[in-house]
Structure formats: structure tokens, C-alpha cells
Amino acid sequence: MRSILPARRRALLAAAGLCLSAVFGAAHAAEPLKAVASFSILGDIVREVGGSDVSLTTLVGPDGDAHEYEPTPGDAKKLSAARVLFVNGLDFETWLPKLTKASGFAGQTVVASQGVTPRKFAGHGDAGKHDDHDHDHDHGHDHKDGHHHHGDADPHAWQNLANGVIYARNVAEGLAGADPARADNYRQRATAYIAKLQALDANAKKMFAAIPAERRKVVTSHDAFGYFGDAYGVTFISAMGVSTDAEPSAGEVAAIIEQVKRERVPAVFVENITSPKLVQQIARETGAKVGGTLYSDALSKPGQPGATYLEMFEWNVRQLAAALQP
Ligand SMILES: [Zn+2]
């Protein structure tokens, strides 16, 4: 009989222990998964698919140039605390391997472009034949600082919404793999999001198909719209080539100006991540109109027209279609 009290106390303690572990278990399950995305467009896709189940940090923010990014010590700290890292791949984030190493990141890396059919760079001005003689200087440079060369894979795969669908699926599977308890949430959000991407894709194709083919030509500053051009039937002539920091030579600029005149390119566009000067010069010297700003490699800041992947894409489609309309 004397053992009853201690036994009851033991039972109470055991029950209390169960309670505590249940509480902590629930708290753990409800805690958002820590994830990092390398740049703003991919970050938005992770935000759409991850919802409130994910606590997200994006390294290269709105209007930022991910080709030329310098990681900070703060970035290494954020990455060391993350369970999943989402990257574009296709050699876009050349600064990332050093950062992941420095941070001691021990989580999973998900390559969002996995499964995309890579497009090869043809070099700037590939719509014309004027530059056959002057792009040889590109060969043999070091592959660093965001410079790309003929034959390299073009990293800007998000500029085709069909690839955006692949990104969203990869993000959902990456999140599901890192956080199986909430896999259904990720997959459900991805399905709803993909339907929106596909609807916009169909709309964009319809809008460009209604524009005469010979008018579907534009100049942009860097070579970021190759996938867009292939998907929607628009020829993009880039003034700077594929890097965002290189100044084209006077001869290269003259050749582009000649091409714009010869092919009667209706419009030139500036980009949110590059200086507008060169493109404005081309507009002045050719009479092509400046069609506005396109979002190439980064979202806009909140409250501006390209604050999400869907919004930036729709904005680009509308700006281009309006400028090319006869
Ligand atoms: Zn780019």
C-alpha cells in the first residue's frame, strides 16, 4: 500500500513528460522550414510554393544583378542556418560555391532549372550576321565574373514560362524532400501556381502570334531573353552581349545600330538591372522607340510592376506586345 503514492507520482510524471513531448513535437512541426533562394525571381517561386510553411531568405534582392553579386558575411550566416538552398544553376550564380563552402551549409541544394532544355548562347547580335567577324575576341577568356561565351548554356531559363513550371515542380519536390510532413501542402500550392503560369503562357503566345512576324524584333541591353524569344517568337538583339559589366566596343555598337536600321527594329528596351545609356544611344541614332523597362534577371521592388514572377512576366509581355504592334 505504501507504494501507491510513488506509483501515482511516477504515472503523473510520465503523463507530464508525454504532454511536454507532444507540445514540443507540435511546435517543431509548426515551425517554418528555413530556406534560402539565390535570387529574387526564384525566391518568389519558393514563396508561392512554400507559403507559410517556409521561412525564406533571398540573397540577391529586387533590381539586383545576380551575375555580379558579392556575398556578405550576413549571407553566410543565413545560409548556415538553412535546411534547403534553391539555386538557378546553368552557371548563373558563379559566386555561390565559395559562399556555401564558407558558410558550412549542410542542407540540401535544389537546382531549380534541373530538367530544363538548356539553350546555348549564340552571342550578341545573333539575329544578324554582321558580327561574325568581331566576336572572336570572346573566345579564350576566363569563365568568371558572369561572363558567358558562345556554346555556354544560357542561364536565363525562367524567361520561358514552360521552364517556370519546371522550376515550380522542382521547388515543390525540394521542399517535400526536406520537409516530408508537409509535402502535400507544397505539392498543392505548386499545382495551383503552375495553373497560373500555364494560363499566362498561353496568353503570351496568343498575344505575340497576333503581331506580324517581321515586327517581332527588339533590342535589349544584355542577352537575357533568348528563352523568351524562342518560346514566344520574338527576336532579341542584345547591345551588351551576355555579361552585364562589359562595355561593347564602338565597332560593336555601330554594327548593332546598322542592324537595327537595316531590319527596321521597332523598339528598344532598357532593363531593371543594367544601365539604360547604351540602349538609349541606340534609340537616338536609329529612331527606334524606347519601349520601356523590362525585368530580366530580377524582380522589381514591392509596389512596382514586377514585384512577383507572374507580374514581371505579364509586364514584359504587355510592354513588348504594345511596342511591336503595327
Ligand atoms: Zn542575365
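1. Helices (H or I, at least four residues) and strands (E, at least two) are DSSP runs, numbered from the N terminus.

2. A word on what you are looking at. This is a predicted model, in which local features need pLDDT of at least 70 and side-chain atom pairs count only at pLDDT 80 or more, while totals for chains, interfaces and linings use all residues. Residues are numbered from 1 along each chain as its sequence is written.

3. Now the overall picture. The protein chain holds 10 helices and 8 strands, and 42% of its 326 residues count as buried. Among contacts between residues at least 6 apart in sequence, 66% join residues at least 24 apart. Two residues are in contact if their C-beta atoms, placed from the backbone, lie within 7 Å.

4. Back to H2 and its surroundings. Just after the helix, Gly51 takes a positive phi of about 50°.

5. The chain goes from S1 through helix H2 (residues 40–50) to S2 in a right-handed β-α-β crossover. Right-handed means that, with the strands pointing away from the viewer, the path from the first strand over the helix to the second runs clockwise. To follow the pairing by eye, find Lys34 opposite Ser55 in S2, and Phe39 with its bridge partner Val60 in S2.

6. These strands belong to an open sheet of 4 strands, in the order S2-S1-S3-S4, with parallel pairing. S2 and strand S4 (108–111) are the edge strands, each pairing on one side only. From one strand to the next, the twist averages 20°. For angles, axes are lines fitted to C-alpha atoms, for helices over the stretch in contact, and values run from 0 to 180 degrees between N-to-C directions.

7. Another open sheet of 4 strands has the order S6-S5-S7-S8, again with parallel pairing. Strand S6 (235–238) and strand S8 (289–294) stand at its edges with a single partner strand each, so one side of each has no neighbour in the sheet. The twist here averages 30° from one strand to the next. Helix H10 (residues 309–324) lies across S5, S7 and S8, and runs at about 175° to S8.

8. Strand S5 (residues 217–220) pairs with strand S7 (residues 267–271) in the parallel sense over 2 bridges, with Val218 opposite Ala267 and Val219 partnered by Val268. S7 and S8 run parallel and are joined by 5 bridges; in S8, the bridge partner of Val268 is Val290. S7, helix H9 (residues 277–286) and S8 make a right-handed β-α-β unit.

9. Which residues have the most contacts inside the largest nonpolar core? They are Val49, Phe86, Ala168, Val171, Val219 and Ile282, in a core of 79 residues. Helix H5 (residues 161–178) gives the most to this core, with 7 residues. A nonpolar core is a set of buried Ala, Val, Leu, Ile, Met, Phe, Trp, Tyr and Cys residues joined through C-beta atoms within 7 Å. In soluble globular proteins, nonpolar side chains tend to be buried together.

10. Val171, found in helix H5, counts as buried because it has 28 C-beta neighbours inside 10 Å. Leaving aside neighbours within four places in sequence, Val171 is in contact with Ile45, Val46, Val49, Phe86, Val110, Ala112 and Ala190. Ile282, not counting residues up to four places away in sequence, touches Val219, Ala239, Ile256, Ile257, Val260, Val268 and Ala288.

Technical notes. Buried ≥ 20, exposed ≤ 12 C-beta atoms within 10 Å, placed from the backbone. Pairing = 2+ DSSP bridges.
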